[in-house]
Amino acid sequence: MHYGRPLQFGTFVTPVNDPPQRAVQLAELSEQLGYDLVTFQDHPYQPAFHDTWTLLSWAAARTSRIHLAGNVLNLPLQREPAVLARAAASLDLLSDGRFELGLGAGGFWDAIEAIGGRRLTPGQAVDALDEAIRIIRGTWDVSDRGRFAVEGDYYRVDGAKRGPAPAHDIPIWIGALKPRMLRLIGRAGDGWLPSLAYLQPGDYAESAARIDEAATKAGRNPAEIRRLLNVAGRFTAGRGGDVRSRGGMVEGAPADWVEQLLPYAVEDGADTFILAGDDPASMQRFIEEVAPALREAVEQELGADASAGAVRSTAALAKRRPGIDYEGLPASLAATAIEPGDAKFSRVRSTYLRGGDPGLVLQPATREEVVEAVAVARAHRDVPLSVRSAGHGISGRSTNDGGLVIDLSRMRRIEVLDEESRLVRIEPGARWVDVAAALEPHGWALSSGDSGGVGVGGLATAGGIGWLVREHGLTIDHLRAAELVLADGRTVRVSAEEHPELFWAVRGAGANVGIVTAFEFEADEVGVLAFGQLTFDASDTAAFLLAWSDWVVDAPRDLTSFLIVQPGSASRPPLAHVLVVVDSDDADTVLERLNPLADAAQLVAQDVRFTTYRGIVSNASDASHSAEGEPLSRTGLIGRFTPEFARDATRFLESGASYFFQVRAAGGAVHDVPADATAYAHRDAEFSVVAFGTPNRRTSERWDELLEPHMSGAYLSFETEGGPERLAAAFPPATLERLRRIKAEVDPDNLFRDNANVTPAG
């Protein structure tokens with residue numbers, strides 16, 4: 001029977017080592033000709049052959065599109081299964097998801113006598129391969145946080161660490177012909193990889209039926225098992241006849257090849273034909289003349305059933321969450337959507353600090369795909385909705401449990417629109433370190449956050465309190481226009497002249513009114529900067545807080561400073577870590593700015609250097625976020641510190657309520673913008689205060705008791721607490737009412753409800 005998979009084609013290259021580059025050159029040729037797959041046999045006992053793992057790695061580095069596999073890797077002569085799994089995942093990650101794992105029981109099981117203590121029979125070899133597959137899959141499954149243990153007769157693990165997760169769901173293809181091995185494929189394999197040369201007439205169909213029977217018995221859909229077939233033969237001028245009567249060798253003109261291979265595809269379900277042989281001319285003829293004709297013939301025979309697409313595994317389907325129509329996704333989104341059962345899920349489920357377990361992550365790459373993603377969200381009003389730019393969000397609202405995530409990380413283009421006016425267009429999935437790198441050659445910068453790993457979208461719709469805030473204001477103060485997808489799917493451009501009310505709302509409360517697909521910013525001219533890191537003995541914490549606050553507020557605007565206070569311990573006093581940026585390349589000017597703080601406390605460490613804005617924000621890892629748990633963060637906006645605040649902040653720190661306490665300058669140029677000019681209304685604040693903690697530390701209770709009475713507002717990007725009180729702290733009454741009226745116009749059904757939600761008026 002046919003299983004609905006589109007046909008693919010591969011090559012089966014002999015891994016000869018003389019000349020050394022020959023096999024790699026054939027792999028490169030396979031890619032150039034348009035093959036989907038290149039494979040190599042694994043016979044390390046042959047002195048004329050390369051080691052297949054080494055060859056696969058080298059071939060992967062020399063290619064960019066084609067997938068690679070062993071055909072098949074000899075398990076007894078390979079590494080322990082857990083180590084083999086990590087090798088496979090590593091090659092898959094390095095090749096951007098192009099490795100497939102072909103395995104065979106091999107003929108040398110005496111090589112593992114040290115494990116089993118005896119020579120294995122063919123039946124025992126099947127059991128050993130079964131155990132190896134369980135260990136390999138368990139190693140890859142980083143979503144399972146339970147204890148990893150397999151107590152086998154031949155292989156075992158007990159508490160081994162899982163991971164890394166591969167870049168894609170690596171299928172395990174098994175090369176086998178015997179009944180027990182075929183039943184193993186049905187139970188646990190992702191593909192069957194025999195060679196036509198070893199099959200007698202009727203063997204392929206009979207073996208496929210045995211696989212299907214075992215799959216059905218195991219509760220699997222037989223269609224999820226790929227059917228591959230190694231074929232060998234030669235092109236001749238004469239008619240080849242029936243391949244089944246010639247020991248599995250295909251022969252004849254291209255039309256004869258099509259005729260001989262067609263029954264395997266239409267009647268027996270073969271979906272991947274792999275040409276064995278190292279002749280470049282035959283490789284070219286097969287892919288250019290046989291492959292397209294065979295595809296056409298299969299489509300003529302089967303019609304629409306010829307290419308239904310890949311089938312998701314039963315194990316992956318079991319991890320789907322209720323309430324989500326996975327099968328109803330638009331084709332443009334389905335191709336990149338990530339489900340809980342996918343290998344990539346571990347890299348998108350969480351954010352920088354918060355663990356998550358969403359039911360579906362959509363990754364649109366264009367504005368049109370964002371429109372489709374919003375339509376999917378409208379159809380799933382009963383599940384949570386999160387919108388994410390790059391996943392850093394401290395508040396944790398860019399992930400959820402069981403809902404949808406619209407992940408904009410594929411939308412990260414940056415372009416200069418107008419050199420003279422320094423106008424740049426930036427998509428929301430770009431990170432600020434990427435923006436800094438793109439603007440630096442022009443001598444420009446945009447003040448953003450303190451970490452280059454933050455995504456543009458989240459910060460540029462909330463405020464943006466960054467390293468140049470006192471001189472250049474908030475990030476949103478440089479926004480000149482934005483492209484926006486509304487809750488009903490409409491796309492609008494907002495600016496001071498176009499939809500000005502929406503433009504007002506986007507700057508400070510953008511997450512409530514739509515999804516921004518592009519920002520237009522006016523960058524600043526920024527050259528060499530001084531960046532200082534000063535550490536003080538803060539034994540008198542209250543006095544130091546007052547001194548630092550006065551120093552910042554009274555300094556010229558070319559100085560911006562952040563402060564991190566580290567509580568003391570039994571072995572050392574409290575420490576105050578002062579981070580400061582001075583927009584000057586003159587050493588005397590920098591010293592003049594720093595000197596007023598010198599007498600605040602004993603200086604115990606210092607590092608001041610000249611650098612660029614890019615150098616300051618290049619402090620982010622490119623690794624995916626993999627946080628666990630649910631952090632607690634409280635935040636508030638405040639003016640110049642008073643003795644009362646300094647006293648209560650000291651009490652808060654001494655109580656152990658926070659493991660990370662930071663204050664950011666938020667004044668200077670921020671004051672120049674009228675309070676009602678943007679949805680970020682707390683223009684009179686001088687500082688943003690944030691404290692990270694835990695329920696066990698009673699962080700939130702102590703914040704409310706000691707610090708909240710001193711606050712004049714809140715910056716919601718750092719706030720994990722929800723509710724109307726926090727919303728009221730972020731938006732003064734007039735601002736909140738204006739937002740509610742706008743919300744009623746553009747999102748009356750409150751689709752965008754899961755990020756510091758402003759409810760529609762009425």
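This is a predicted model: local features need pLDDT of at least 70, side-chain atom pairs count only at pLDDT 80 or more; totals for chains, interfaces and linings use all residues.
A search of the whole structure returned 23 aromatic pairs. One of these pairs is formed by tryptophan 257 and phenylalanine 286, whose arrangement is edge-to-face, with 5.8 Å from centre to centre and 70° between the planes. Tryptophan 257 belongs to helix H8 (residues 254–266) and phenylalanine 286 to helix H9 (residues 280–302), so that the pair ties together parts lying 29 residues apart in sequence. Tryptophan 257 and phenylalanine 286 are each buried, and both are also members of a cluster, linked by ring pairs, that comprises Phe9, Tyr35, Phe235, Trp257, Phe273 and Phe286.

A further pair involves tryptophan 467 and phenylalanine 531, where the ring centres are 5.5 Å apart and the planes meet at 80°, so the pair is classed as edge-to-face, the cut-off for this class being an angle over 60 degrees. Tryptophan 467 is located in the loop between helix H14 (456–460) and helix H15 (469–472), whereas phenylalanine 531 is part of strand S23 (residues 529–537), and the pair therefore ties together parts that are 64 residues apart in sequence. Tryptophan 467 is buried, as is phenylalanine 531.

Notes: Residues are numbered from 1 along each chain as its sequence is written. Side-chain values use heavy atoms; hydrogens and water are left out. Rings of Phe, Tyr and Trp (its six-membered ring) pair if their centres lie within 6.5 Å; planes under 30 degrees apart count as stacked, over 60 as edge-to-face and the rest as tilted. Helices (H or I, at least four residues) and strands (E, at least two) are DSSP runs, numbered from the N terminus. Buried means under 20% relative accessible area, exposed over 50%, partly exposed in between (1.4 Å probe, protein chains only).
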